[in-house]
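These are my notebook entries on a single protein model. I record what I looked up, entry by entry.

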Amino acid sequence: MISTKLTELFNIDLPIIMAPMFLVSDENMVKAAVKNHIIGTFPTLNYRETAKLDSVLGNLNQFLKNTKNPGTYGVNLITQKSNPYYKSHLKVCIENKVPFFITSLGNPEEVIKKAHSYGAKVFCDVTNLKHAEKVASLGADGIIAVGQGAGGHAGPEPLQILIPLLKQNIPDIPVIAAGGISTGNALHSVLILGAAGASVGTSFIATEEAPVSSDYKNAIVNAKTEDIVMTERISGTPSTIINTAYAKKIGYKQNWIERKLSSNSKTKKYFKMLVQMKGMKKLEKSVKPGNYKNLWIAGKSVQFIDQILSIENLILKMKIELENSITQNKF
Ligand SMILES: Cc1cc2nc3c(=O)[nH]c(=O)nc-3n(C[C@H](O)[C@H](O)[C@H](O)COP(=O)(O)O)c2cc1C
């Protein structure tokens, strides 16, 4: 139906990546994405034990082999120094010949070198031109432009600025748009801006397959754009969340002692690790049923998410909307 650099590179039907989401995207969701001919990804941190990660990757490789006309799958690696799992997870991924990587937050050089040794592709999350030029110079195969309103660590720029800016300066590799895309119309709009596809996160939380509580899914369905706020209270780095009663109670900023500890050169590595560990624990509780201290990560695309669908139907809905937008839109 539509051919872009992304669909050509991965031989997929629709230019959509199901984005990696901490504590949300799992093996089942990735299989559903692969079965429905798109790219399904998950953060390796969702399987912290290396033996478990190894077995999930083995299952996914098998699934790719056994599926007719499959999409593909990928993993997200947090390449930041404060991620204690980075080295061991990268090793397991390379051993399993993972076909696709998304890197975020740090320097992707090692991932790119190792992935390229067997022909895998590496896309890097960026929020500005400087970082995009850096990853392109290191050999990234694609850039994921994370814009305003994205679920998680949203960028400061609107996609209408970021995508053309990256395309103008780095014309040769695909730029994927991330942030606020939950409909085929929005997907069409980023293609018009020059993106080769979209990385879609928040919409996939409100799916039957997502292994999170129905409270979280319903909160996504009920939330409006003004219910999404930025907080530093999860990982230290600002992240978008639903403004729950608990989020309001704990506030959105780090206090001055926390700021000092995370900027001091002697303490910053360990303090950041500690904040992230505590944040992970809070998030882990939040995705389970019956929790009242809810910190639910979600982006501003909640505005247009009004039902819980199967992954198959969500992809189909976006596909039909894209087709309609291409063939029927009058400007
Ligand atoms: C619940 C949740 C968890 C996320 N976890 C991660 C993560 O672990 N690593 C990462 O690189 N991005 C993470 N993201 C960001 C997504 O990969 C993606 O960039 C974003 O969801 C796209 O914006 P959208 O939510 O508006 O579609 C997360 C997003 C959400 C909503």
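**Entry 1. Loop residues.**
I looked up N69 and found it in the loop between α3 (50-66) and β3. I take helices (H or I, at least four residues) and strands (E, at least two) as DSSP runs, numbered from the N terminus. The model is a predicted one, in which local features need pLDDT of at least 70 and side-chain atom pairs count only at pLDDT 80 or more, while totals for chains, interfaces and linings use all residues. Residues are numbered from 1 along each chain as its sequence is written.

The phi of N69 is near 45 degrees, a positive value in a residue other than glycine. For reference, most residues other than glycine have a negative phi. I then checked burial, where a residue is buried if 20 or more other C-beta atoms lie within 10 Å of its own, exposed if 12 or fewer, and partly exposed in between, with C-beta atoms placed from the backbone. N69 counts as exposed because it has 9 C-beta neighbours inside 10 Å.

I next looked up L23, which is not a glycine and yet has a positive phi of about 65 degrees. L23 lies in the loop between β1 (16-18) and α2 (27-35). Its 19 C-beta neighbours inside 10 Å are why L23 counts as partly exposed.

**Entry 2. Strand β2.**
I asked how many residues of strand β2 (residues 39-43) are buried. The count is five of five, and the strand is mostly covered. I39, T41 and P43 point one way from β2, and G40 and F42 the other way. This can be set beside the general rule that in a regular strand the side chains alternate between the two faces of the sheet.

For pairing I require at least two DSSP bridges between two strands. β1 and β2 pair in the parallel sense over two bridges, and I17 stands opposite I39 in β2. The chain passes from β1 through α2 to β2 in a right-handed β-α-β crossover. Right-handed is used here for a path from the first strand over the helix to the second that runs clockwise, with the strands pointing away from the viewer.

β2 is also joined to β3 by five bridges, and these strands run parallel. P43 has N76 in β3 as its bridge partner. A right-handed β-α-β unit is formed by β2, α3 and β3.

**Entry 3. Strand β4.**
I asked why strand β4 (residues 100-104) is largely enclosed by the rest of the structure. Five of its five residues are buried, so β4 is largely enclosed. F100, I102 and S104 point one way from β4, whereas F101 and T103 point the other way.

Strand β3 (residues 72-78) and β4 run parallel and are joined by four bridges; L77 stands opposite T103 in β4. The chain crosses from β3 to β4 through helix α4 (residues 86-95), and the crossover is right-handed.

β4 pairs in the parallel sense with strand β5 (residues 121-126) over four bridges, and F101 stands opposite V122 in β5. The chain crosses from β4 to β5 through helix α5 (residues 109-116), and this β-α-β crossover is right-handed.

**Entry 4. Domains.**
The domain assignment (bounds from an automatic or database assignment) gives domain 1 (5-210 + 306-328) and domain 2 (214-300). Their centres, taken over C-alpha atoms, are separated by 23 Å. The contact takes 21 residues from domain 1 and 19 residues from domain 2, where contact means C-beta atoms, placed from the backbone, within 7 Å.

I classified the side of domain 1 that touches domain 2 as nine nonpolar, 10 polar and two charged residues. In that scheme Ala, Val, Leu, Ile, Met, Phe, Trp, Tyr, Cys and Pro count as nonpolar, Asp, Glu, Lys and Arg as charged, and the others, Gly among them, as polar.

**Entry 5. Nonpolar core.**
Which residues have the most contacts inside the largest nonpolar core? They are I143, A145 and I176, in a core of 96 residues. This core draws at least three residues from each of domain 1 and domain 2. A nonpolar core is a set of buried Ala, Val, Leu, Ile, Met, Phe, Trp, Tyr and Cys residues joined through C-beta atoms within 7 Å.

Leaving aside neighbours within four places in sequence, I listed the contacts of I176, including L6, I17, F123, I143, A145 and A198.

How values were computed. Two residues are in contact if their C-beta atoms, placed from the backbone, lie within 7 Å.
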